Amino acid sequence: MFRQALRSCVRPAGSLVSLARAPTGLSAVTRQNLRPVYRSVTPLKSIANTYRLYSDEAAAVQEEISHPAPARDVVNFKDLTQVGVHGSLIDAIVRDMGYESMTPVQSKTINPALKGTDIVAQAKTGTGKTIAFLLPMLNRMISEDPTLASRGASRRARSDDIRGIILSPTRELAEQIAVEARRLTRNTGLVVQSAVGGTNKTQMLRQTQRQGCHLLVATPGRLNDLLQDTRSGIDAPNLAALVLDEADRMLDVGFEQELNQIIEQLPDPSTKVRQTMLVSATIPDDVIRLARSMVRADDFEFVQTIPENESLTHDKVPQNVVPISSWANVFPTLFELLDREAAKTAENPDSPPFKAIVYFNTTSMVELAGEVAFSRKREGLSNVSSFSIQSKLTQVQRSRAAEMFRKARSAILLSSDVTARGMDFPNVTHVIQVDVPRSREDYIHRLGRTGRQGKEGEGWLLLPPQGVQSARRMLAGLPIKQNASLESAEADIGAGDLPPLHQQFQDLSRRVPRNILGSAYTSLFGASGQKQELARDLYHWATRGWGWAQPPGVSAKWAHQMNIPASHLNIQDRSQNYSRDRGDGGDRFSGSDQDESSDPFEAMGRQARSDRPPPSRGFQGGRGYGRSGGHSRSGGYGRNDGYRRDRNSQSSSW
Ligand SMILES: Nc1ncnc2c1ncn2[C@@H]1O[C@H](COP(=O)(O)OP(=O)(O)OP(=O)(O)O)[C@@H](O)[C@H]1O
C-alpha cells in the first residue's frame with residue numbers, strides 16, 4: 001500500500017521545505033488546543049505522533065481504547081458517530097441536506113482524514129469533494145475545541161482566532177464553498193466567513209471583526225492581503241486545518257507566490273500541528289511539487305478514486321467536437337446548436353430543461369457573446385434567457401449572474417474560465433466550449449459542469465480551424481467524437497447572400513458597440529500560435545461576417561509586439577487602444593519534480609490520473625476536413641496529424 005512507502009520517510013511533519021517559516025515555540029494557548037482528532041494510532045505515525053500527541057498523548061491512547069476504530073471504512077453518514085464525528089454535523093448532512101450514503105471520494109477521504117492524516121485527493125468532477133474535505137475539517141475544529149459545537153460559541157468568535165482556512169482559485173467557488181460550509185455548521189457555533197477579491201475589503205473586515213470567524217473561505221490574493229495587513233485583525237494562531245480546493249489551479253502564475261506568502265504567515269506546523277488537504281479532479285505533475293511543500297511527507301494519504309486507464313471525464317457524458325471552417329462560422333454554428341438542442345428538450349417531456357454553459361477563452365469574447373445573446377432574446381430570435389460571467393464585470397454582477405443561472409430552470413450561461421472550476425450549477429445539460437481550451441485540465445473541469453451526481457449531460461467543442469491541430473494534441477485520449485451534424489460549421493460565405501444564421505449574426509453584431517467587437521477581435525490573437533492564418537481568417541470574419549469594410553484598427557506597435565504580419569490587419573498610426581485580453585486563465589508553471597527513488601510523493605505521481613496518452617505515441621492519421629470556404633484558412637486540414645484513437649479505446653478519430 002502506498003502509505004507503507006511512507007514508513008521509510010524521516011522528514012518530520014511540518015518541517016517541509018521552503019514554505020515553512022522558522023519555529024517560534026509553542027504557546028500556551030496552542031498547547032491547550034492540541035487535542036488529537038484521530039481515534040486509532042497506527043505505526044506509520046511514528047514521527048508525526050511526536051508532534052501530534054503532546055501532553056494529550058495518554059488521553060489519546062485511552063480514547064483509542066474506548067473508541068476502537070471500526071474495521072471497515074464508514075460509508076453512511078449516520079454511522080460517523082462511531083468514529084467520533086459530532087452529531088450536529090451529521091444531522092446537518094443527513095437531516096437537513098438529505099444525504100445518507102457517502103460518495104466514493106467521501107468515504108475514502110473522510111475516514112483517513114478523521115484520523116488527522118493529510119490528504120491529497122483526486123476524484124472526478126461533481127462527485128462530492130466539497131463535503132469530503134469540509135466534514136473532517138469542521139470535525140477537527142470541534143475536536144480541538146469542543147466549545148465550538150455549542151451555538152453560543154458564535155457570540156465569542158473572534159477574527160484573530162481562525163481555526164480553518166479553505167483556499168479556492170475563484171471568487172464564485174469560494175462563495176459556493178462558504179454557503180455549503182454554513183449549511184453544515186448551522187447546528188453548531190462555528191462562524192464561517194468568506195474573503196474574496198473584487199469585494200469591499202473594509203466591509204468584509206468590519207463584518208468579520210464584529211461577527212468573528214472560525215472558518216475562512218478565501219481566494220489566495222485576498223487572504224494574503226488580509227494576513228499581511230497588520231491592522232486587519234485577521235489571524236489564525238490555532239489553525240487546525242488548511243484546504244486547497246482545485247489544488248492544481250493554485251499553481252497558476254500569481255497564485256503560487258501568494259500561496260507561499262500565506263503559508264509563511266500561518267503558524268509554524270511544528271508548533272501547531274495542522275491538517276492539510278489538497279483536492280482536485282485533475283492532478284497534473286506539478287501538483288506533486290505543491291504536495292511536497294504543503295503536506296506532511298510522513299503522514300499523508302493519496303486518495304485516488306479514478307481507476308487506472310479510466311478517463312477523467314464521465315462516461316455518461318458524450319463529448320462531441322465540431323471542426324469549423326472559419327471564425328465567420330463560429331457564432332452561426334453556436335446559434336444552430338443552441339436552437340436545436342433547446343428545441344429537442346422542449347419537444348421531449350422526459351428530458352430535463354435545456355441549461356447550457358458556453359465557455360470562451362477571453363473575457364472580450366464572453367462580452368461579445370453576451371451582447372449578441374441578449375439581443376437575440378430581445379428580438380425574439382431565441383426564447384432562452386442568457387447570463388454572462390467574466391472578469392470585467394463587478395463581483396456583484398458576477399455573483400448575481402451566477403445566482404440567477406443557478407436558479408434558472410432553462411438558461412444559457414456565457415462564461416470565461418471563472419466558472420470552470422468547482423461551480424455546482426444544478427442540472428446543466430450542455431457544456432459548449434468555443435475554441436481550444438488553455439489546457440487539458442481546463443477542458444475537463446469545464447466539461448465537469450454537466451453530468452454531476454451521476455446525471456446525464458453532453459459536451460461540445462467548437463473548433464475554429466487554427467485550433468484543430470493543437471486540440472487534437474491536447475485532448476488526445478479523451479473519448480471525443482467528431483460531429484458533422486451542424487451545417488453552419490462548413491458554410492461557404494465567400495460571396496453572395498449570407499445563410500440565415502450568418503445574416504442573423506451580422507444584424508445582431510451591428511447593435512454591438514464597435515469597441516466590444518474590436519476587443520474580441522484582438523483578444524483572439526493572444527493564445528494563437530498561427531497568427532498569420534488567424535489574421536487572414538478574422539479579416540474574413542470582420543468583413544463578411546460583421547459587414548465591416550475592414551477589421552478593427554490596430555497599431556503597428558501592437559502588431560509588431562504580437563508578431564503578426566501586417567497583411568490582413570488594419571494598421572492605423574494611432575492605436576485604438578484595443579488592449580490585449582488574456583482572459584482569466586493565465587499561464588502555468590511547468591516546473592518538474594526531482595526524481596528520488598525514496599520520495600513518497602513519487603508514488604503519488606504514479607497514481608495520479610492524468611489520462612494523457614504516452615508521450616512516445618505519434619500522430620496516426622486524422623480525418624481531413626475538406627475546404628469549403630472561399631477564403632483562406634490555416635493549414636492542418638487533411639493532414640495526418642490526429643490521434644487515431646484514444647488510449648482507452650473509447651473514441652473514434654477526429
Ligand atoms: N453523499 C452525497 N449524496 C448526494 N449528493 C451529494 C453527496 N455529496 C455531495 N452531493 C452533492 O453533489 C453535488 C456535487 O458536489 P461537489 O460540488 O462537492 O462536487 P466536486 O467533486 O467538488 O465537483 P468539482 O470537481 O466540479 O469541484 C453537490 O450538489 C453536492 O451537494
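**Reading the model: questions and answers**

Trainee: What kind of model is this, and how many helices and strands are in the chain?

Mentor: The model before us is predicted. The chain holds 22 helices and 16 strands.

Trainee: What percentage of the residues of the chain count as buried?

Mentor: A residue is called buried when its relative accessible area is under 20%. The chain has 654 residues, and the share of them that count as buried is 59%.

Trainee: Among contacts with a separation of 6 or more, what share comes from residues 24 or more positions apart?

Mentor: Contacts in the chain with a separation of 6 or more are the ones considered here. Residues 24 or more positions apart account for 80%.

Trainee: Where does UniProt place the feature "domain: Helicase ATP-binding", and how far apart are the end C-alpha atoms of that span?

Mentor: The unreviewed UniProt entry places this feature at residues 110–301. That span is 42% helix and 16% strand. Its end C-alpha atoms are separated by 11 Å.

Trainee: Which residues does the annotation "domain: Helicase C-terminal" cover, and what is the distance between the end C-alpha atoms there?

Mentor: According to the unreviewed UniProt entry, the annotation covers residues 337–494. Over these residues the chain is 35% helix and 18% strand. The distance between the end C-alpha atoms is 22 Å.

Trainee: Which residues of helix H10 are buried, and what covers them?

Mentor: Helix H10 spans residues 220–228, and its buried residues are Pro-220, Arg-222, Leu-223, Asn-224, Leu-226 and Leu-227. The cover includes strands E2 (164–167), E3 (192–195) and E4 (215–218). It also includes helix H9 (201–211) and helix H11 (255–265).

Trainee: At what angle do H10 and H11 cross, and which classes of residue make the contact?

Mentor: The axes of H10 and H11 come within 9 Å and cross at roughly 35°, and the crossing is left-handed. H10 contributes Pro-220, Gly-221, Leu-223, Asn-224, Leu-227 and Gln-228, while H11 contributes Phe-255, Glu-258, Gln-261, Ile-262 and Gln-265. By class, this contact of H10 with H11 has five nonpolar, five polar and one charged residues.

Trainee: Is H14 parallel or oblique to H19?

Mentor: Helix H14 (residues 363–378) packs against helix H19 (residues 514–523) at about 140°, with the axes 8 Å apart. Angles over 145 degrees would count as roughly antiparallel. The angle here therefore makes H14, relative to H19, oblique.

Trainee: Which residues form the contact of H14 with H19, and how many of them are charged?

Mentor: The two helices cross in a left-handed manner. Ser-364, Met-365, Glu-367, Leu-368 and Glu-371 of H14 meet Ile-516, Leu-517, Ser-519, Ala-520 and Ser-523 of H19. The contact of H14 with H19 has five nonpolar and three polar residues, and the number of charged residues is two.

Trainee: What is the phi of Glu-246, and is this residue buried or exposed?

Mentor: Most residues other than glycine have a negative phi. Glu-246 is not a glycine, yet its phi is positive, about 50°. This residue is found in the loop between strand E5 (241–245) and H11. Because its relative accessible area is 4%, Glu-246 is buried.

Trainee: Is Gln-453 buried or exposed?

Mentor: Gln-453 is found in the loop between helix H16 (440–447) and strand E13 (458–463), and its phi is also positive, near 50°. Its relative accessible area is 56%, so Gln-453 is exposed.

Trainee: Where is Gly-189, and how far is it in space from Val-428?

Mentor: Gly-189 is found in the loop between helix H8 (171–185) and E3. Its relative accessibility is 0%, so Gly-189 counts as buried. Beyond its neighbours within four places in sequence, its contacts include Leu-148, Arg-151 and His-214. Gly-189 and Val-428 are 239 residues apart in sequence, and their C-alpha distance is 34 Å.

Trainee: How far apart in space are Pro-318 and Glu-456?

Mentor: Pro-318 lies in the loop between strand E7 (300–304) and strand E8 (319–323), and counts as partly exposed because its relative accessibility is 42%. Not counting residues up to four places away in sequence, Pro-318 touches Gly-457, Glu-458 and Gly-459. Pro-318 and Glu-456 are 138 residues apart in sequence, and from C-alpha to C-alpha the distance is 9.0 Å.

Key:
Residues are numbered from 1 along each chain as its sequence is written. This is a predicted model: local features need pLDDT of at least 70, side-chain atom pairs count only at pLDDT 80 or more; totals for chains, interfaces and linings use all residues. Side-chain values use heavy atoms; hydrogens and water are left out. UniProt positions are given in the numbering used here, feature names are shortened, and annotations may be inferred rather than shown by experiment. Helices (H or I, at least four residues) and strands (E, at least two) are DSSP runs, numbered from the N terminus. Buried means under 20% relative accessible area, exposed over 50%, partly exposed in between (1.4 Å probe, protein chains only). Contact means heavy atoms within 4.5 Å. Axes are lines fitted to C-alpha atoms, for helices over the stretch in contact, and angles run from 0 to 180 degrees between N-to-C directions. Angles under 35 degrees count as roughly parallel, over 145 as roughly antiparallel, 65 to 115 as roughly perpendicular and the rest as oblique. A crossing is left-handed if the near helix is turned anticlockwise from the far one by less than a right angle, and right-handed if clockwise. Ala, Val, Leu, Ile, Met, Phe, Trp, Tyr, Cys and Pro count as nonpolar, Asp, Glu, Lys and Arg as charged, and the others, Gly among them, as polar.
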